[in-house]
Amino acid sequence: MSDACQRGPTQCPLIIALGAALSVCFLSAYMLTNGQTSVAAELLTMGAKVDDWVNDGEGWRLVLSSWLHADTHHLLVNVLWLIVLGRILRDRIGEDGVFATWVLGAFGGQCLSYIANTGASVGASGGVAALF
């Protein structure tokens with residue numbers, strides 16, 4: 001087991017805070033939709049990436065959509081990988097490096113989704129993929 005995994009979560013406060021922030025965003029969406037976060041109309045209103053709306057000047061959706069998740073499983077998988085990979089990478093590139101990699105990856109993932117996928121998109125999978 002790596003040293004990062006042995007030190008525990010108190011040694012990775014920024015990574016844990018990022019996971020917590022993603023969870024808070026999900027819980028907020030969950031409460032706003034009465035427990036139905038996969039309701040497409042609600043996710044669209046909250047900031048899902050929609051190409052036509054980005055084309056109409058709502059570029060902020062390329063950032064905000066990474067903080068929304070379609071369901072609990074989607075959130076848990078992203079947060080789990082964030083914590084596991086973040087703790088491993090922290091010793092190599094530092095916690096700030098992990099955070100910057102995740103943020104740029106999340107934004108980059110939504111930009112790639114904008115180019116390659118005409119449908120709506122939410123989730124932090126691009127950020128997690130950048131950590132691989």
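Okay, let's start with helix H2, which runs over residues 13–32, so to speak its 20 residues, and reaches 28 Å from its first C-alpha to its last, close to the 28 Å expected at 1.5 Å a residue. Keep in mind that this is a predicted model.

Which residues of H2 are buried? They are Ile15, Leu18, Gly19, Leu22, Phe26 and Ala29. Looking down the axis of H2, you'd find these buried residues within an arc of 95 degrees, so they line one face of the helix. Here's the general idea: an α-helix has 3.6 residues a turn, so residues three or four places apart point the same way. And what do the buried residues of H2 pack against? Helix H3 (40–46) and helix H6 (72–116). Over on the other side of H2, Val24, Met31 and Leu32 are exposed.

Now, on to the aromatic rings. The count here is 2 aromatic pairs. Take tryptophan 67 and tryptophan 102: their ring centres are 5.3 Å apart and their planes sit at 70 degrees, so this pair is edge-to-face. Tryptophan 67 is in the loop between helix H5 (61–64) and H6, while tryptophan 102 is in helix H6, so the pair ties together parts 35 residues apart in sequence. Tryptophan 67 is partly exposed, at 21% relative accessible area, whereas tryptophan 102, at 2%, counts as buried.

Then there's tryptophan 81 with phenylalanine 132. Their ring centres are 5.2 Å apart with the planes at 50 degrees, so we call that pair tilted. Tryptophan 81 belongs to helix H6 and phenylalanine 132 to the segment after helix H7 (125–131), so parts 51 residues apart in sequence get tied together. Phenylalanine 132 counts as exposed, at 64% relative accessibility.

Methods: Residues are numbered from 1 along each chain as its sequence is written. This is a predicted model: local features need pLDDT of at least 70, side-chain atom pairs count only at pLDDT 80 or more; totals for chains, interfaces and linings use all residues. Side-chain values use heavy atoms; hydrogens and water are left out. Helices (H or I, at least four residues) and strands (E, at least two) are DSSP runs, numbered from the N terminus. The expected span of a helix is 1.5 Å times one less than its number of residues. Buried means under 20% relative accessible area, exposed over 50%, partly exposed in between (1.4 Å probe, protein chains only). The arc is that of the directions from the helix axis to the C-beta atoms. Contact means heavy atoms within 4.5 Å. Rings of Phe, Tyr and Trp (its six-membered ring) pair if their centres lie within 6.5 Å; planes under 30 degrees apart count as stacked, over 60 as edge-to-face and the rest as tilted.
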